[in-house]
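Please keep the 3D view open as you read.

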Amino acid sequence: MNDNYIDQFGSNRNYTSSGESNSYYVPIVMTILSFTCFLIYLLSALGSRSVIMCVVYFVPIFSIIGLVFSFITRGSRYDHHKIWVAGLIGCALSLFLMVLLFFGTMAALAQD
């Protein structure tokens, strides 16, 4: 791209690339959110069952968002290796735990 590019409003801006953004933090944040929701669900399930147990439905949403952002920001895995890998593994693990919870619930209900 030409450095002297003038956009339609007449301003001459030097645009920054998306590689300088902090979007590589999104998977680790989604991992923390999904594990927090899963922990709230477990505490609610072991204690008094209430409406708070519905937060478990956010776990796969957060996990899939984290996995998508891991795929999008895979170019930053060399610069921020530990953050990227922790977010990827955490989101995959939380999604796997949610699938196990789902199939475990279905198996428990089928015991009749």
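Predicted model: local features only at pLDDT ≥ 70, side-chain atom pairs only at ≥ 80, totals over all residues.

A crossing of two helices is called left-handed if the near helix is turned anticlockwise from the far one by less than a right angle, and right-handed if it is turned clockwise. Keep that in mind for a moment while we get our bearings. The chain contains three helices and zero strands, and from the N terminus on its elements run α-α-α. Of its 112 residues, 23% count as buried. The chain exposes about 8,200 Å², and carbon and sulfur atoms supply 68% of that area. Among contacts with a separation of 6 or more, 62% are between residues 24 or more positions apart.

Now for the helix pair. Two packed helices are described by the angle between their axes and the distance between the axes. For helix H2 (residues 58-72) and helix H3 (residues 81-109), the axes come within 9 Å and cross at roughly 145°. The crossing of H2 and H3 is left-handed. On the H2 side, the residues that meet H3 include Val59, Phe62, Ile64 and Leu67, while the H3 side includes Trp84, Leu88, Cys91 and Met98. The residues of this contact divide into eleven nonpolar, five polar and no charged.

Next, turn to helix H1, which spans residues 26-46. Thr31 lies in this helix. Is Thr31 buried or exposed? With a relative accessible area of 7%, Thr31 is buried. Leaving aside its neighbours within four places in sequence, Thr31 is in contact with Ala86, Gly87, Gly90 and Cys91. Val26 also lies in H1, but this residue is partly exposed, at 21% relative accessible area. Val26 and Val68 are 42 residues apart in sequence, and their C-alpha atoms are 9.7 Å apart in space.

Finally, let's look at the aromatic rings. A search of the whole structure finds four aromatic pairs. One of them joins Tyr24 and Tyr25: the ring centres are 4.6 Å apart and the planes lie at 35°, so the pair is tilted. Tyr24 is buried at 9% relative accessible area, whereas Tyr25 is partly exposed at 38%. Phe58 and Phe62 form a stacked pair, 6.1 Å centre to centre with 25° between the planes. Both lie in helix H2, four residues apart, about one turn of the helix. Phe58 is partly exposed, with a relative accessible area of 43%. Phe62, at 18% relative accessibility, counts as buried, because buried means under 20%.

Note on methods. Residues numbered from 1 in each chain as written. Heavy atoms only, no water. Helix = DSSP H or I, 4+ residues; strand = E, 2+ residues; numbered from the N terminus. Buried < 20%, exposed > 50% of the residue type's maximum accessible area, 1.4 Å probe, protein only. Axes fitted to C-alpha atoms, helices over the stretch in contact; angles between N-to-C directions. Contact = heavy atoms within 4.5 Å. Nonpolar A, V, L, I, M, F, W, Y, C, P; charged D, E, K, R; others polar. Areas by Shrake-Rupley, 256 points an atom, 1.4 Å probe, with all protein chains shown as cover. Phe/Tyr/Trp six-rings, centres within 6.5 Å; stacked < 30°, edge-to-face > 60°.
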